[in-house]
Amino acid sequence: MQTAAKKALFCSALVFFLSGCTHGERYKTVALPLQASLQSSISRQLDSYQPGSHSAETNKKLKQAISGCFQKFSTVGTLKLSGDDKKVRPIGVGIQTIFEQSLYELLENKTISKAVAIIHTKTPATPLVTPEKTAPHEAMSAQMQGDSTREKTISDRTITVRNLAKSDPERMTLYIAYPEEGLHVRTPEQLETYRAELAKPENKSLKDLPLSLTIMPNNLVGASYILTGADASKESESQPLYFGLNAVQAVHAGETKMDWTFWLGALDNAEVEPHYQEVKSYLEKGSPTDLNLP
């Protein structure tokens with residue numbers, strides 16, 4: 001299949017899922033503006049995305065795997081990847097990185113009227129305790145060290161998360177949520193990097209969110225992104241879109257089997273809503289302030 005045909009198939013599949021069509025409605029329903037813009041942006045980011053393997057063939061296979069995962073959202077609201085961290089992490093973080101790039105693009109062109117991103121992990125988020133465009137060994141487990149493909153998953157997101165932090169605070173809020181005890185897991189150098197990011201005036205949308213809870217359940221470790229389109233005043237565009245994931249932070253990654261779970265769909269989607277509500281309840285329980293989550 002030619003590249004253009006593959007892109008058309010990918011776009012059609014993702015629009016089909018996001019628009020909530022049944023098979024009978026597929027050719028009658030026009031994708032809503034935010035949904036159409038999201039799938040177009042994801043397709044563009046996929047084209048330019050470069051995994052970190054030294055092998056061109058491996059990079060090609062990783063991009064195909066990531067594209068295949070996005071295509072599967074045409075029929076499901078949740079997707080699970082299972083396998084060794086060495087195999088699964090480059091795909092899982094690739095999906096997250098591409099989504100963050102798309103989110104930033106949609107914020108920049110004002111397709112999104114409001115977005116909330118919450119990185120909810122056991123320790124302050126890896127991308128912001130790590131200097132930009134780097135992947136130092138202290139940011140990852142011993143098993144990841146020396147693996148260029150997995151190391152690049154860290155350096156890539158030191159860029160995408162910082163881009164979101166610099167976005168217009170009127171339309172974007174980026175929370176870094178973690179149990180307060182998680183601060184003690186990070187090194188003094190990492191905490192210095194993180195606090196420096198919090199202090200930068202250009203990081204207008206970035207908010208530190210230490211939680212008054214002692215632990216974060218493994219099934220809640222990950223990130224959540226809630227997007228509202230610029231045409232949200234219209235009844236048809238009133239339901240925000242949700243993208244979420246459950247994974248293991250790089251510092252805790254091992255060589256044993258790992259599960260990564262992703263959710264993509266409207267907040268009231270039957271597959272999406274239970275996970276979102278569990279994350280929301282946990283965050284609100286530990287937060288000292290009202291997060292104003294939908």
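Modeller: A contact, as the word is used here, means that heavy atoms lie within 4.5 Å. With that in hand, we can turn to the chain, bearing in mind that this is a predicted model. Among the contacts in the protein chain with a separation of 6 or more, residues 24 or more positions apart account for 77%. The protein chain has seven helices and seven strands, and read along the sequence these elements follow the pattern α-α-α-β-α-β-α-β-α-β-β-β-β-α. Of its 294 residues, 53% count as buried, while the chain exposes about 13100 Å², of which carbon and sulfur atoms supply 52%.

In soluble globular proteins, nonpolar side chains tend to be buried together. The largest nonpolar core here has 48 residues, and those that touch the most other members are Ile95, Leu103, Leu174 and Ile176. Helix α4, which covers residues 85-108, gives the most to this core, with nine residues. To see what surrounds one of these members, take Leu174 and leave aside its neighbours within four places in sequence: Leu174 is then in contact with Ala117, Ile119, Val161, Leu164 and Ala165, and also with Ser205, Leu206 and Lys207.

Thr158 sits in helix α5, residues 148-165, and Thr158 is buried because its relative accessible area is 0%, where the cut-off for buried is under 20%. Setting aside neighbours within four places in sequence, the residues in contact with Thr158 are Pro127, Thr130, Pro131, Glu132, Lys133 and Thr134. Leu264 belongs to strand β7, residues 257-266, and with 2% relative accessibility Leu264 also counts as buried. The C-alpha atom of Leu264 is separated by 6.7 Å from that of Gly244, although the two residues are 20 residues apart along the chain. His275, in helix α7 (residues 273-286), has 7% relative accessibility and therefore counts as buried; beyond its neighbours within four places in sequence, His275 is in contact with Asn219, Tyr242 and Trp263.

On the α2 side the contact is made by Ile42, Leu46 and Asp47, and on the α3 side by Lys63, Ile66, Ser67 and Phe70. Sorted by kind, the residues of this contact divide into four nonpolar, one polar and two charged. Gln64 is also found in helix α3, and because its relative accessibility is 42%, Gln64 counts as partly exposed.

Methods: Residues numbered from 1 in each chain as written. Predicted model: local features only at pLDDT ≥ 70, side-chain atom pairs only at ≥ 80, totals over all residues. Heavy atoms only, no water. Helix = DSSP H or I, 4+ residues; strand = E, 2+ residues; numbered from the N terminus. Buried < 20%, exposed > 50% of the residue type's maximum accessible area, 1.4 Å probe, protein only. Areas by Shrake-Rupley, 256 points an atom, 1.4 Å probe, with all protein chains shown as cover. Nonpolar A, V, L, I, M, F, W, Y, C, P; charged D, E, K, R; others polar. Core = buried A, V, L, I, M, F, W, Y, C linked by side-chain atoms within 4.5 Å.
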